[in-house]
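Work through the exercises below with the sequence and the coordinates at hand, and try each task before reading its solution.

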Amino acid sequence: MPDAIIQIKDLSIDLSGNEILKGVSMNIGAGEYISIIGPNGAGKTTLVKCIAGIYTDWRGAITIDGKSFADHGSKTLAKLQSYVPQAEGRSTPLTVEEFVTMGRYPHLSAFTSLKSEDYDAVGKAIESAGLTEFRHRKLNTLSGGERQMAFIAAALAQETKILLLDEPSTFLDYRHQANVAALLKKSCRENGITVVAVHHDINTATSSSDRLYAIKDGAIAFSGTPAETADSALLGSIYGTEFRCTPSPDRPLPYVISGGAL
Amino acid sequence: MKKPILPLLILFLLAGVALFVSPLFGMKFIPYNAAGQERDILLNIRVPRVLCAFMAGAMLSLSGMSFQALFRNPLATPFTLGVSSGAALGASIFIRLGLTFSFLGISGTSLAAFGGALLSVWLVYGLTKLKGGFSTPTLLLAGIAISFFFSSLILFIQYVSGLTHSFRIVHWMMGTVATADFGKLLNLLPFFGIGSLLLAFLHREMNLFMVGEDIAVSRGVNVGLVKKLIFLASSLMVGGVVAVCGPIGFVGMMSPHICRMLVGADHRYLMPASLLFGGLFLAFCDTLSRTLIAPAEIPVGVLTALLGGPFFIWLLLNRKGDLEL
């Protein structure tokens with residue numbers, strides 16, 4: 001494994017009196033694509049929010065690029081990592097361009113205006129997210145899929161080494177799911193960005209990731225490669241429902257089908 | 001980049017025209033070349049009054065705009081959040097106690113109003129945060145609760161005051177710029193200056209807050225500090241206005257909302273637009289209040305409330321799901 005860019009040690013957190021994470025430790029290497037899977041309420045979102053610096057009231061240790069949050073300061077940290085929240089229908093009347101431009105925030109100072117490198121980054125992010133034609137549309141007039149692409153574009157415009165995403169493709173239609181998956185894969189493989197994504201769909205997770213962590217009841221239940229994860233007995237114990245694995249026509253990994261739903 | 005320069009320019013010109021033309025109207029039309037007593041009335045009463053109305057409107061509008069960004073709710077305004085009542089309570093206590101100190105030339109009433117405003121912002125924010133979010137019901141209920149509580153305290157202060165005193169409080173509570181003079185203008189100025197400068201530097205942060213606090217954090221905003229600065233700036237402005245003009249309602253709700261339709265939601269443009277529109281709007285309403293039933297006057301707060309009530313209902317009826325900015 002390459003040098004760890006995110007190190008988490010014994011991370012625990014209580015939210016409104018409940019212990020949500022119970023001593024989570026993980027090391028994420030620079031340039032890795034890491035998926036976090038697990039049942040609802042396991043603590044996946046909480047974990048990502050802790051890494052993103054949104055929750056601050058935790059115990060344990062998190063270091064990003066070798067330094068703690070306090071040593072980084074809010075703007076330097078934001079130059080290192082960006083975050084895409086769960087798409088929960090949140091919207092604003094900002095246009096796509098205005099919103100993506102906000103991704104440049106950590107690179108700006110209060111008294112200067114945007115420079116050409118900022119416009120370049122914004123343009124590139126909008127283009128790679130396939131939003132060029134929506135540039136001047138307001139976020140609250142876009143479809144869920146387009147809006148999600150705008151959130152990812154804003155995170156890309158931030159030009160960080162790490163990209164944290166919370167269920168980037170849940171609630172999206174097939175085309176947008178494929179677009180999101182392709183964009184994240186490209187960011188990781190071609191631009192060397194470390195991607196940490198919560199995924200609900202096991203097949204998306206296994207096909208994109210280098211490694212996966214499964215969280216259950218606030219602790220890491222399993223970690224391993226996609227091949228190790230695509231195992232019906234293992235997934236069954238994590239999710240508490242039946243799974244079947246069948247050979248996939250177009251990839252070496254088996255395809256996972258949740259048996260309970262069939 | 002597509003910039004809404006034209007609407008801003010038009011607002012700017014309109015504001016200029018309004019500032020120049022409004023002083024002419026009142027109980028009686030007085031042209032700029034008038035002489036003697038009329039000239040006195042024009043220059044020493046009407047001109048400061050119009051300027052006062054403009055500045056107060058701008059301040060109310062800006063504070064409404066920043067509350068709406070921070071609470072991510074178009075119904076968050078100095079009035080609905082109970083911040084105006086808090087400021088009014090602060091000022092009433094100060095007046096009732098007969099205190100007369102001032103600090104750096106700023107009247108104690110204004111400072112007391114600022115303190116009251118700050119207290120209510122803190123209470124409302126704490127209450128909604130405790131309930132886990134800025135949903136419209138929580139926000140409005142918290143605002144109403146605080147507003148009622150402070151208003152009752154003001155009523156109590158009125159009750160234990162003498163007749164003339166309580167009449168003055170009642171009149172002031174309706175919201176008026178009728179007593180404005182250059183002294184009061186000077187009293188507004190520091191609150192306007194500091195408040196609007198602070199907000200001008202925080203336009204990017206307000207954009208991010210409008211999307212969500214988590215997004216603001218992940219973009220590198222020092223959330224704790226910036227939030228305090230924005231609350232400070234808006235409380236300064238509400239306190240400053242309430243001390244001089246009383247709680248004038250609904251400007252802080254209508255003006256930013258209309259401006260968002262004119263120039264969009266980017267605070268870089270929304271801020272100057274809200275400033276100009278709010279000022280323009282209150283200066284216009286005050287001109288109406290001087291002329292509609294001349295020689296008598298309608299308190300301008302009554303007029304803005306008459307316009308604002310229906311607007312508020314329109315906003316409520318037009319919401320898609322939960323209210324969106």
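**Exercise 1. Find the bridge partner of I8(A) in strand 4 of chain A, and then describe the sheet around this pair.**

Solution. In this predicted model, I8(A) has I62(A) as its bridge partner in strand 4 of chain A. Widening the view from that pair, strand 1 (residues 4-15) of chain A and strand 4 of chain A run antiparallel and are joined by six bridges.

**Exercise 2. Decide whether L235(A) is buried or exposed, and locate its contacts.**

Solution. Begin with the position of L235(A), which belongs to helix 10 (residues 232-239) of chain A. The cut-off for a buried residue is 20 or more other C-beta atoms within 10 Å; because L235(A) has 23 C-beta neighbours inside 10 Å, it counts as buried. Once neighbours within four places in sequence are left aside, L235(A) is in contact with I202(A), F243(A) and V256(A). As a distance check, the C-alpha atom of L235(A) is separated by 9.6 Å from that of F222(A), 13 residues apart along the chain.

**Exercise 3. Characterise the side of chain B that touches chain A.**

Solution. Counting residues on each side gives 23 of chain B in contact with 27 of chain A. On the chain B side, the elements that give two or more residues are helix 8 (203-211) and helix 9 (213-218) of chain B, and the largest share, five residues, comes from helix 8 of chain B. Sorted by class, this side of chain B has ten nonpolar, six polar and seven charged residues.

**Exercise 4. Compare the UniProt record with the model for residues 50-71 and 269-288 of chain B.**

Solution. The unreviewed UniProt entry places the feature "transmembrane region" at several stretches of chain B, including residues 50-71 and 269-288. Over residues 50-71 of chain B, the model has 100% helix and 0% strand, with the end C-alpha atoms 31 Å apart. Over residues 269-288 of chain B, the chain is likewise 100% helix and 0% strand, and its end C-alpha atoms are 28 Å apart.

Note on methods
Residues numbered from 1 in each chain as written. Chains lettered and ligands numbered in written order. Predicted model: local features only at pLDDT ≥ 70, side-chain atom pairs only at ≥ 80, totals over all residues. Contact = placed C-beta atoms within 7 Å. Helix = DSSP H or I, 4+ residues; strand = E, 2+ residues; numbered from the N terminus. Nonpolar A, V, L, I, M, F, W, Y, C, P; charged D, E, K, R; others polar. Buried ≥ 20, exposed ≤ 12 C-beta atoms within 10 Å, placed from the backbone. Pairing = 2+ DSSP bridges. UniProt positions renumbered as here; feature names shortened; annotations may be inferred.
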